[in-house]
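Thank you all for coming.

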Amino acid sequence: MSELNAILVAPDTAGRWELVPAKSSLRFKNKTFWGLATVAGDFTDVRGAGEIGANGAVSGGLDIQASSLKTGIRKRDEHLRSADFFDVDAHPVIHVEVTDVQPTGANTAAVQATLTVRGNTQPLPLSATVAVLGDRTVQLTAQTTIDRTALGVSGNMVGMMPATTTLLADVAFAKAE
């Protein structure tokens with residue numbers, strides 16, 4: 001039995017799991033300047049929780065404060081928060097909803113999720129690596145590429161940016177007391 005299967009069927013793992021922000025990061029990377037440079041950023045305010053059912057079913061979600069994005073350049077961050085991109089005044093929360101997690105290997109899983117940005121929801125199938133850390137937190141690591149324009153994030157000065165953005169998640173969850 002894989003480590004992931006063991007987690008999902010163990011009686012003491014059923015219940016609510018909460019995101020551990022200090023051990024988690026959500027990032028994005030986007031080529032710019034016609035592919036010559038990469039802009040990377042972090043979302044620093046993320047909350048979330050999940051549930052493991054007695055039958056091993058997994059569900060949960062993350063709420064990402066869109067205004068918490070940081071790229072290291074204040075003017076760029078302000079522009080990314082504007083209506084040209086994330087429109088944080090009208091759409092303050094980016095939401096990820098997980099509806100299923102199925103083991104695919106000893107420490108890997110297929111995660112079925114949706115991503116909602118600017119009121120637009122798209123499927124977000126992920127392949128994740130799962131690890132149990134020494135303090136009994138469970139860490140999921142995933143990376144995927146999305147079409148940001150399908151989510152309404154369409155800002156693009158003079159064609160400098162492609163429509164695709166890479167999302168990187170490294171999230172840890174601890175069993176709620």
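What we have is a predicted model, in which local features need pLDDT of at least 70 and side-chain atom pairs count only at pLDDT 80 or more, while totals for chains, interfaces and linings use all residues. Residues are numbered from 1 along each chain as its sequence is written, and side-chain values use heavy atoms, with hydrogens and water left out.

The largest nonpolar core has 37 residues, and those touching the most other members are Phe43, Leu62, Phe86, Ile94 and Val96; by such a core I mean a set of buried Ala, Val, Leu, Ile, Met, Phe, Trp, Tyr and Cys residues joined through side-chain atoms within 4.5 Å. The most to this core comes from strand S8 (residues 108-117), with 5 residues, a strand being a DSSP run of E of at least two residues, numbered from the N terminus.

Now to the loop between strand S10 (126-132) and strand S11 (138-147), where we find threonine 137. Is this residue buried or exposed? Threonine 137 counts as buried because its relative accessibility is 5%, and buried means under 20% relative accessible area, exposed over 50% and partly exposed in between, with a 1.4 Å probe and protein chains only. In the loop between S10 and S11 there is also arginine 136, which counts as exposed because its relative accessibility is 53%, and which has a positive phi of about 70° although it is not a glycine.

Note on methods: Helices (H or I, at least four residues) and strands (E, at least two) are DSSP runs, numbered from the N terminus.
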